[in-house]
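Biologist: I'd like to learn how to read a model like this one. Could you walk me through it, starting with how helices pack?

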Amino acid sequence: TNTSYLVWRNIWRGLFGLDPAEASTIQIDKVADQLGQIDPGMSLRLPLLGAVLGFAIPDNALTGSLDAKVRKSSLEALLVDCLRARAEHQPILLVLEDCHWIDPLSHDLIEEIGRAVTDLPVLMLLVYRPPDVQRQRASRVEILPHFSEIVLEDLTLQEAEQLIRLKLEQVFRTGPEIPEGFVAQIVERAAGNPFFIEELLNYLQDRGVRPQDVLLLEDQDLPTSLHTLVLSRMDQLSESQQTTIKVASVIGRLFPAAMLWGVYPQLGAPDRIRADLELLDRLDLTPLDAPEPELTYLFKHIITQEVAYQSLLYATRAMLHEEIGRRTRYCAYCGDRLGAKDYGFKYCSAWHRYLDGHKQKATLSRVEFERRALNRIRTIKKKPGTGAPLAKNSNIDGAEELRASLRNLKIRQIL
């Protein structure tokens with residue numbers, strides 16, 4: 001996923017007893033009070049928690065002076081201390097789903113907490129798909145002495161039939177008789193994958209095909225992959241609904257409705273966007289997560305978000321990432337807290353666009369990229385494009401500095 005610590009967000013909000021409907025100032029005060037009860041010295045590190053709680057907490061003199069590496073390690077240590085303090089009073093169960101899709105920072109935190117809970121009454125349950133988690137073996141969570149793995153096999157024919165019956169009851173409000181061969185046809189195509197089975201049934205519902213419509217079923221060319229299936233469902237949406245779900249995919253798996261009409265006015269008036277979101281909710285693509293006043297929706301599955309995201313043009317994705325970063329002061333690519341100046345989100349977006357454009361062929365590390373970009377920004381003392389020195393009192397803001405910097409760096413060529 002594109003959002004750092006998203007898999008942890010609701011966990012830590014729950015542990016701190018936060019209500020997302022409350023103003024962020026009230027939530028910050030609640031967290032500050034709890035940190036003070038654990039250890040008064042912890043309050044100085046309060047701003048670090050903004051990244052994992054999902055709202056901005058202004059930096060103080062201490063946290064504002066920390067570089068990214070120290071900031072990350074300090075946040076992880078703070079969260080471990082908070083978990084340890086809570087575990088002294090009661091056992092804790094932490095459930096993290098879709099761990100094959102999580103961001104690197106969330107995965108690092110899993111490892112840190114996994115090592116710290118050895119002597120604590122804490123059970124951490126991770127749900128992931130083994131083939132996809134191979135790329136994250138470096139975390140070494142699997143080799144911890146207190147790690148146990150439970151392999152979930154594909155659904156059997158009987159289990160799949162039970163799931164199909166439950167889904168059909170939900171869709172048609174009744175328990176229709178399932179024609180002979182229908183379950184086998186769905187299970188064979190979905191290979192026992194529960195999400196694939198559910199989406200196939202949604203796919204048929206979108207087309208008005210009921211299980212009893214044997215002739216219509218025979219004419220259906222069911223998608224052969226989950227990616228194709230999700231894309232086929234999205235293709236049935238209206239143009240405005242497709243645009244809404246695509247813009248939402250850039251914001252993140254969990255997205256506030258207000259962010260949509262804020263970052264992309266072309267979507268239209270808020271009432272129109274709300275109507276699109278209500279339909280996407282009914283189609284079970286992006287279910288409602290929180291009602292008004294904090295109207296928030298959630299991509300039901302990360303695959304749906306990824307399909308919508310990849311269907312956007314590269315230039316559109318880049319523009320939306322920068323606009324989201326400008327509005328939230330968090331990088332929409334990685335969730336890192338950005339600086340007060342405009343070049344904060346411009347620089348971070350430039351780094352992620354470099355990665356996005358080069359995929360596995362990236363030759364520069366972020367450290368080297370940062371060194372080159374920051375050196376250029378610090379040494380810009382000339383008018384962009386002319387090479388002539390700026391007047392002593394010239395007014396050039398951070399965004400203009402960065403644009404000049406990136407032009408001089410010729411990122412598309414050099415990187």
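Modeller: Gladly! Axes are lines fitted to C-alpha atoms, for helices over the stretch in contact, and angles run from 0 to 180 degrees between N-to-C directions. Helices (H or I, at least four residues) and strands (E, at least two) are DSSP runs, numbered from the N terminus. This is a predicted model, where local features need pLDDT of at least 70 and side-chain atom pairs count only at pLDDT 80 or more, while totals for chains, interfaces and linings use all residues. Residues are numbered from 1 along each chain as its sequence is written, and side-chain values use heavy atoms, with hydrogens and water left out.

Biologist: At roughly what angle do the axes of H1 and H6 cross?

Modeller: Helix H1 (residues 6–15) and helix H6 (residues 104–116) have axes that cross at roughly 55° and come within 8 Å. Angles under 35 degrees count as roughly parallel, over 145 as roughly antiparallel, 65 to 115 as roughly perpendicular and the rest as oblique; H1 and H6 are therefore oblique to each other.

Biologist: Which residues in H1 and H6 meet?

Modeller: Contact means heavy atoms within 4.5 Å. From H1, Leu6, Val7, Trp8 and Trp12 meet Ser106, Leu109, Ile110 and Ile113 of H6. By class, this contact has seven nonpolar residues, one polar and no charged. Here Ala, Val, Leu, Ile, Met, Phe, Trp, Tyr, Cys and Pro count as nonpolar, Asp, Glu, Lys and Arg as charged, and the others, Gly among them, as polar.

Biologist: Now to burial: is Tyr297 buried or exposed?

Modeller: Buried means under 20% relative accessible area, exposed over 50%, and partly exposed in between (1.4 Å probe, protein chains only). Tyr297 lies in strand E5 (residues 296–298) and counts as buried because its relative accessibility is 4%. Not counting residues up to four places away in sequence, Tyr297 touches residues including Arg253, Phe255, Leu277 and Pro287.

Biologist: And where does Ser225 lie?

Modeller: Ser225 lies in the loop between helix H11 (214–219) and helix H12 (226–235). Ser225 has a relative accessible area of 26%, so this residue is partly exposed. C-alpha to C-alpha, Ser225 and Arg189 are 8.3 Å apart in space, and they are 36 residues apart in sequence.

Biologist: How many helices and strands does the protein have?

Modeller: Its secondary structure comes to 21 helices and five strands. Of the 415 residues in the protein, 47% are buried. Among contacts with a separation of 6 or more, 62% are between residues 24 or more positions apart.
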